[in-house]
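Dear colleague,

I am handing over the structure below, and after it you will find some notes on what was found. Please read them with the model open beside you.

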Amino acid sequence: MTNAWSAEESTRNDNAVREWESDKFMRLLKDADTELYPGCENFTKLAFVVTLMHLKILSRWSNKSFSMLLEFLKKVLPNGETLPCSYYEAKKIIQDLGLDYEKIHACVNDCMLFKKDYEKEEQCPKCSVPRYKFAEVDNDTNGEKKRKKIPQKIL
Ligand SMILES: [Zn+2]
């Protein structure tokens, strides 16, 4: 299984290198050299976006909250700031760096990943532990409780 995955991984890496077109690279060089705002000495645009995105992932901020934070920061920073306007714009910068990530549901006992043939499974084929747990959350529209499906473990 591990070999199959690493073969697939290396094919994906080869493709990624081929897709690394010069315009992306030039954009990256420009972002790495662009000040966060005129006269900013501590952060380039690229370093700031990468740091903020790292915090987002570690702290599990929602995409919406991240966009709201960017909108707020754009108002706080001096004129001429170069921050992206939204999560999607920020994500594009990170993707161009080749630092994108993919979330894969996993068995809570680490038996397997819910991908490929197992993508639609609702429980682990090996240990039969359910893929999801359920949580009661407030329904925004009528204030009643509703059940929400949450993956037990994410890689
Ligand atoms: Zn399992």
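Which residues does Lys-56 touch, not counting residues up to four places away in sequence? They are Trp-61, Ser-62, Asn-63, Phe-66, Tyr-87 and Tyr-101, where contact means heavy atoms within 4.5 Å.

Before going further, please note that this is a predicted model, in which local features need pLDDT of at least 70 and side-chain atom pairs count only at pLDDT 80 or more, while totals for chains, interfaces and linings use all residues. Residues are numbered from 1 along each chain as its sequence is written, and side-chain values use heavy atoms, with hydrogens and water left out.

Lys-56 is found in helix α3 (helices are DSSP runs of H or I, at least four residues, numbered from the N terminus), and Lys-56 is buried, with a relative accessible area of 5% (buried means under 20%, with a 1.4 Å probe and protein chains only).

The axes of α3 (residues 45-59) and α4 (residues 63-76) come within 11 Å and cross at roughly 145°, the axes being lines fitted to C-alpha atoms over the stretch in contact, with angles from 0 to 180 degrees between N-to-C directions. On the α3 side, Phe-48, Leu-52, Met-53 and Lys-56 make this contact.

Best regards

Technical notes: Helix = DSSP H or I, 4+ residues; strand = E, 2+ residues; numbered from the N terminus. Buried < 20%, exposed > 50% of the residue type's maximum accessible area, 1.4 Å probe, protein only.
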